[in-house]
Amino acid sequence: LRWLADHGVPPSRVVLWGSSLGTGVAAEMARRGHGGALALVSPYTSIPGLVSDAVPVLPARLLVDDRFDTLAKAPLLRVPTLVIHGDADDVVPYWMGARLAETIPGARLVRDPEALASALRKIAGGSAAVPLDASPQTAHMFIVNPLRASTLQNLFSTHPPLEQRLERLQQVATELGHANR
C-alpha cells in the first residue's frame, strides 16, 4: 500500500481485497484508512471464533494469540464493502460472512458464485490491460497471477490458476441452481 501511495495512487482508488485468512488483514487496512472500498471473500468473524466453530470443545480464546477479530472492527469500517460468501464453504461457515455483512455499515452480502466469477474475470482483464511490476517471487500475492504460471509455480501459489477457479465456481453455481439466471 505504501508503494501505491509513493506512486501517486490515493487510498480512494484502492480496493482492498481479502480472501479467507486475508480478510482480517484487509479489514484492518480499511479501518486504518488505506483503501476506498473493501471486498471480503469467505470472511471469518475472528480466529478464535473460527476455531471454536470447527472444534467446539477447544478453549480457542485461551489458545489463540492472534485474534484477527474482524467482527470487533466491523462497526468501524467506513468504506463501501462487498462480502462474498458461499453457503457451501467447507472452511469458513456462511453465518460468519453474513454476520460481518450485517455489522459493517452499508455492507452488501452476495452468495452467488457467479458474482465472484464475474469479479475475478474483471480483475483478470484489468491486470492484462495494465502492465504490473511483478516477479515470480511476488506473483502469488496477487488475486489473479499477473504472470503466465508454470506447473511448478502453481505448486507454490496460494490460489489455483484462474481457469480452475472459474471452472469450480461455475460448477458450484450449477449445483446450486444459480447458473444462467
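Leaving aside residues up to four places away in sequence, Thr-45 touches Phe-68, Asp-69, Thr-70, Leu-71, Trp-95, Met-96, Arg-99 and Leu-100, where contact means heavy atoms within 4.5 Å. The model is a predicted one, in which local features need pLDDT of at least 70 and side-chain atom pairs count only at pLDDT 80 or more, while totals for chains, interfaces and linings use all residues. Residues are numbered from 1 along each chain as its sequence is written, and side-chain values use heavy atoms, with hydrogens and water left out. Thr-45 has a relative accessible area of 6% and is therefore buried, a term that means under 20% relative accessible area, as against over 50% for exposed and partly exposed in between, with a 1.4 Å probe and protein chains only.

Thr-45 is found in the loop between S2 and H3; helices (H or I, at least four residues) and strands (E, at least two) are DSSP runs, numbered from the N terminus. In strand S2 (residues 37-41), 5 of the 5 residues are buried. In a regular strand the side chains alternate between the two faces of the sheet. In S2 both faces are covered, with Ala-37, Ala-39 and Val-41 buried on one side and Leu-38 and Leu-40 on the other. Strand S1 (residues 15-19) runs parallel to S2 and is joined to it by 5 bridges, pairing being assigned if DSSP finds at least two bridges between two strands. Leu-16 has Leu-38 in S2 as its bridge partner.

Helix H6 (residues 94-103) has Tyr-94, Met-96, Gly-97, Ala-98, Leu-100 and Ala-101 as buried residues, and what covers them includes helix H3 (47-54), helix H5 (70-73), strand S3 (81-84) and strand S4 (108-110). The charged end of Arg-111 sits over the ring of Tyr-94, 4.4 Å from its centre, the rule being that NZ of Lys or CZ of Arg is within 6 Å of the ring centre and within 35 degrees of the ring normal.

In helix H9 (residues 162-176), the buried residues are Leu-162, Arg-165, Leu-166, Leu-169, Val-172 and Ala-173. Seen down the axis of H9, these residues fall within an arc of 125 degrees, so they line one face of the helix; the arc is that of the directions from the helix axis to the C-beta atoms. The face of H9 turned away from its buried side carries the exposed residues Glu-163, Glu-167, Thr-174 and Glu-175. Just after H9, Gly-177 takes a positive phi of about 80 degrees.
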